[in-house]
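User: I would like to learn how to read the surroundings of a ligand and the packing of a helix. Could you take me through one case?

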Amino acid sequence: MNERVVAPFGRRLCEVTRNVGSGGYRIFSALDPTGPEPAAGQFYMLAAESGWGSSEERPYLARAFSVADAERQQDGVRLDFLVQAVGPGTGRLAGLEPGEGLLITGPLGQPFSPPRELLHQRRPQTSPANIAGAILVGGGIGIAPLALWRRRLLDRGTPARVLLGFRDEEHLGGLALFDCSEIRLASEDGHRGHQGYVTDLLAVLLAGDDAGSAAVYACGPPAMLEAVRLLCAERAVACELAMEAPMACGFGACFGCAVPVAGGGYMRLCVDGPVVRGDQIETALVPGSGH
Ligand SMILES: Cc1cc2nc3c(=O)[nH]c(=O)nc-3n(C[C@H](O)[C@H](O)[C@H](O)COP(=O)(O)OP(=O)(O)OC[C@H]3O[C@@H](n4cnc5c(N)ncnc54)[C@H](O)[C@@H]3O)c2cc1C
Ligand code: FES
């Protein structure tokens with residue numbers, strides 16, 4: 001069982017320790033002196049200590065960020081985030097300098113579940129010896145939580161195949177968070193890897209004999225997540241999706257992140273997600289999410 005790690009009460013001040021370019025994105029790191037190590041798939045609400053929420057300028061509210069990597073060190077937990085600057089909040093975070101303060105709340109939300117647990121829910125008769133491992137499918141900035149998940153799976157000896165897709169060169173980045181030799185790439189403009197969608201690569205893998213005993217984990221734009229959800233549903237393959245919705249609080253208070261669940265009703269993605277099973281939701285095409 002991959003237990004949700006519970007956030008300590010309140011916001012904590014961390015020091016930014018690095019900020020480097022990675023293709024079209026940036027990776028910035030901060031040292032969390034007192035927080036716990038997060039589970040893969042969880043997220044933090046982030047705000048810069050200065051240049052945030054000032055008199056008339058946006059951003060006001062903290063912004064949700066998946067943790068892309070994390071490692072316990074002597075003086076705290078190093079947290080890595082992958083950022084795509086799309087507006088005032090992400091723009092400020094992308095420009096953080098080492099030594100600046102970062103206010104964090106987290107880790108928040110539900111993490112990814114191990115393949116054994118996910119498969120057991122979908123096909124209780126699957127024996128542990130027949131589990132083919134994990135297939136990680138990422139699109140654009142959505143590759144972030146898969147980097148930490150891949151590392152945690154490999155630490156447990158679980159094989160993980162990684163498929164990453166990007167729109168074009170400008171929207172390709174973050175590969176430094178992965179071990180590139182094991183990744184299969186797709187790009188819509190054909191400048192790297194397969195020309196087309198990353199879901200084309202997934203469809204090929206799921207046509208294999210062992211597909212039913214694999215567990216698929218995906219994060220990316222809503223259209224990609226919906227394609228993954230449908231492919232897995234058609235082939236009765238267990239899958240989890242790390243989704244996005246506009247998040248004002250991140251801990252269940254504002255209901256801004258409500259998404260429809262299969263069979264009626266809603267869930268708050270910040271507390272019941274952001275990682276959800278494919279069969280839990282009506283659709284991954286959530287209005288207001290995705291860039
Ligand atoms: C659980 C979760 C994890 C996330 N992880 C990352 C990450 O690792 N790296 C990263 O760069 N971004 C991530 N995001 C998206 C990030 O939170 C938004 O891009 C950010 O809030 C936009 O703020 P802004 O002030 O820069 O732009 P705004 O002016 O607020 O918005 C700019 C554009 O981004 C879209 N947008 C706004 N908020 C969201 C949102 N919550 N989700 C998706 N699109 C949004 C808007 O529709 C608009 O087109 C995550 C979001 C969630 C909910
Ligand atoms: S973001 Fe406020 S309830 Fe989910």
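Analyst: A polar contact is a pair of N or O atoms within 3.5 Å; within protein, one must be able to donate a hydrogen and the other to accept it, and residues adjacent in sequence count only if both atoms are side-chain atoms. Here a polar side-chain atom of E244 lies 2.8 Å from a nitrogen atom of ligand 1, while a polar side-chain atom of R63 is 2.7 Å from an oxygen atom of ligand 1. This is a predicted model, in which local features need pLDDT of at least 70 and side-chain atom pairs count only at pLDDT 80 or more, whereas totals for chains, interfaces and linings use all residues. Side-chain values use heavy atoms, with hydrogens and water left out.

User: How many residues surround ligand 1, and which element gives the most to the shell?

Analyst: A residue is near a molecule or strand if one of its heavy atoms lies within 4 Å of it. In this model 22 residues surround ligand 1, and β4 gives the most, with four residues; strands (E, at least two residues) and helices (H or I, at least four) are DSSP runs, numbered from the N terminus.

User: Which residues of helix α2 are buried?

Analyst: Buried means under 20% relative accessible area, exposed over 50%, and partly exposed in between (1.4 Å probe, protein chains only). In α2 (residues 115–122) the buried residues are P115, L118 and L119. They cover an arc of only 95° around the axis, which puts them on the same side of α2, the arc being that of the directions from the helix axis to the C-beta atoms.

Terms used. Residues are numbered from 1 along each chain as its sequence is written. Chains are lettered from A and ligands numbered from 1 in the order in which they are written.
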